[in-house]
Amino acid sequence: MQRDGDVFILDLGADENRFHPDRLAAINASLDEVEAFDGPKALVTSATGKFFSNGLDTDWLGEHPDQWQTYVADVEALLARVLVFPAPTVAAVQGHNFGAGAMLALAHDFRIMRADRGYFCLPEVDLGLPFTAGMAALVQGRLEKQTAHEAMTTGRRYGGADAAAARIVDAVADEGKVLAAAVELARPLAGKPAETLGTIKSRMYAEVVRALRDGA
Amino acid sequence: MQRDGDVFILDLGADENRFHPDRLAAINASLDEVEAFDGPKALVTSATGKFFSNGLDTDWLGEHPDQWQTYVADVEALLARVLVFPAPTVAAVQGHNFGAGAMLALAHDFRIMRADRGYFCLPEVDLGLPFTAGMAALVQGRLEKQTAHEAMTTGRRYGGADAAAARIVDAVADEGKVLAAAVELARPLAGKPAETLGTIKSRMYAEVVRALRDGA
Amino acid sequence: MQRDGDVFILDLGADENRFHPDRLAAINASLDEVEAFDGPKALVTSATGKFFSNGLDTDWLGEHPDQWQTYVADVEALLARVLVFPAPTVAAVQGHNFGAGAMLALAHDFRIMRADRGYFCLPEVDLGLPFTAGMAALVQGRLEKQTAHEAMTTGRRYGGADAAAARIVDAVADEGKVLAAAVELARPLAGKPAETLGTIKSRMYAEVVRALRDGA
């Protein structure tokens, strides 16, 4: 795992970065590393290429239909973990950000999105695949009311400027500057007391975490 | 019930369009028709004249004081039904929109309001008539926090521009163009899978629906 | 307690205005007086000097460590009382507004903040002092989602303009005009029926009040 001073940089990969079980395990191992680190720290999650993450690994699911329930529970557990992670977190959304990949970005404290290309999109309604109760609670817990409603019921694709206007992301950055902007946002937060921060987030999102961990 | 392509147009009427029991029955019959229709569909609710709806039928209630509880329960059931309706819904608010009439508009996915005339207003505080728990949950579930607070505790009358600025409505349109704007907003959404959309909305607003159906 | 027509003006004091038990008792006595008053009324809470309120009285707590739990419960009870107070309430935030002092301002219906000086800040994360469940519910119940998240997880200090942009306060006013602006905002609301207003706020914030009164 790379570091830039106090900022740990989790790299999701250079392809569609869907949540194959191996990738989930790798992300969790990185989170373990950050969580175990004793000292000032912040986490930036990024990727390279056209995609931040395209979400659920539908190919793998097609081959393992019997594991749908445990797989979705694993994804929801990751979302809950990031949501209340005991360190400041920033998503550097340099590319397309769809479905559970968009939810992973929403689970971070802050989001920087590439200005000129790439979409934030929750395509579940068009896929005939309703959000689990936990995923619905996550999106509704992080977005303003009518923004959550539009995103979840229409599958609208938000470009960077639209996503910033709707407060889905906190800021946009030019191509090639997304990661740097995320690191600069995260760096001054690295000194926050980790345990306190984890407790604050856990209390703020107790209901969301419960819904994500209960499955649906 | 009129249709414009895939868009069903529910007409509330040409007077104050208060929720007389007969009007509630007519609205529910129209919703039944849309719900039973198998194919691409969206619902636009509109009216003609000075009012979209003035809400509870206080004249009828004055004549039937013993039926207050069941009547309010019927109105709340309608609000819950529209809130999680298994099709895209748009309110074409061409005129005054008060009390439970305003809540009916808020239960739709989107709202277009006439720009130059007509008010959105929750006058309950001035009438000495507190919101039921379900109605409070509906308003708070659809409006931003301080907007809900102001609307519910002061009875402020929002004209079109103010309502759009406060995100009470999604857009405004000129006189005579409100219905057309609502239909154009609804039309591209008509292809969304109805059952999935209903499930998504039901999960998003499970608590609001529970509060509306429990009565108060 | 001073009055300006129908508006009662609660003066928090001229120092840091931390919540010493004696100050809590004095505030509650003033609220009793307003609550008992039968007639048009509104409440403006203000202070003089550099501070609106700096929150918990850490000096007193240092001398009475055994009373931490009952003291915090008393502060939470005050926040719950103001949140659902049966009269319109406006905070005239003329100076620094930190921690539980900021929460007291958030418990009011509206807030006017001095434009050019003074900060709104929740420093809990930096103090290693997580919000109680009730305090978290209060802040999250009054601020937009990402605003609450940023304020609670970063301890950001918001000046007047930033606080207004984030909708933490409803408006700003120039030095020396904050109290007058708050009184002018409160005055036309003084005629709202007190009992109805109290019931409306109690239903809107039933969960927040429960969390504040349960302690944590």
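How much area do chain C and chain B bury between them? The answer is about 1,900 Å², 57% of it on carbon and sulfur atoms, where buried area is the accessible area (1.4 Å probe) that two parts lose on being put together, summed over both. Before the views, a word of orientation: this is a predicted model, in which local features need pLDDT of at least 70 and side-chain atom pairs count only at pLDDT 80 or more, while totals for chains, interfaces and linings use all residues. Residues are numbered from 1 along each chain as its sequence is written, chains are lettered from A and ligands numbered from 1 in the order in which they are written, and side-chain values use heavy atoms, with hydrogens and water left out.

**View 1. Where chain C meets chain B.** Here 22 residues of chain C and 20 residues of chain B are in contact (heavy atoms within 4.5 Å). Look for Ile200(C), Arg203(C) and Met204(C), which supply 31% of the area that chain C buries against chain B, more than any other three residues.

**View 2. A salt bridge between chain C and chain B.** The partners are Asp126(B) and Lys192(C), with their closest N and O atoms 2.8 Å apart. A salt bridge here is a side-chain nitrogen of Lys or Arg within 4 Å of a carboxyl oxygen of Asp or Glu. On the side of chain C that touches chain B, strand 7 (110–114), helix 6 (133–142) and helix 10 (194–204) of chain C each supply at least two residues. Helix 10 of chain C gives the largest share, 7 residues. Helices (H or I, at least four residues) and strands (E, at least two) are DSSP runs, numbered from the N terminus.

**View 3. Where chain A meets chain C.** This contact takes 22 residues from chain A and 20 residues from chain C. The two chains bury about 1,900 Å², with 56% from carbon and sulfur atoms. Lys192(A) forms a salt bridge with Asp126(C), again with 2.8 Å between the closest N and O atoms.

**View 4. Strand 2 of chain C and its neighbours.** Strand 2 (residues 7–11) is largely enclosed by the rest of the structure, because 4 of its 5 residues are buried (under 20% relative accessible area, 1.4 Å probe, protein chains only). Strand 1 (residues 2–4) pairs with strand 2 in the antiparallel sense over 3 bridges; two strands pair if DSSP finds at least two bridges between them. Arg3(C) has Phe8(C) as its bridge partner. Strand 3 (residues 42–46) pairs with strand 2 in the parallel sense over 5 bridges, and Val7(C) is partnered by Ala42(C).

How values were computed: Buried means under 20% relative accessible area, exposed over 50%, partly exposed in between (1.4 Å probe, protein chains only).
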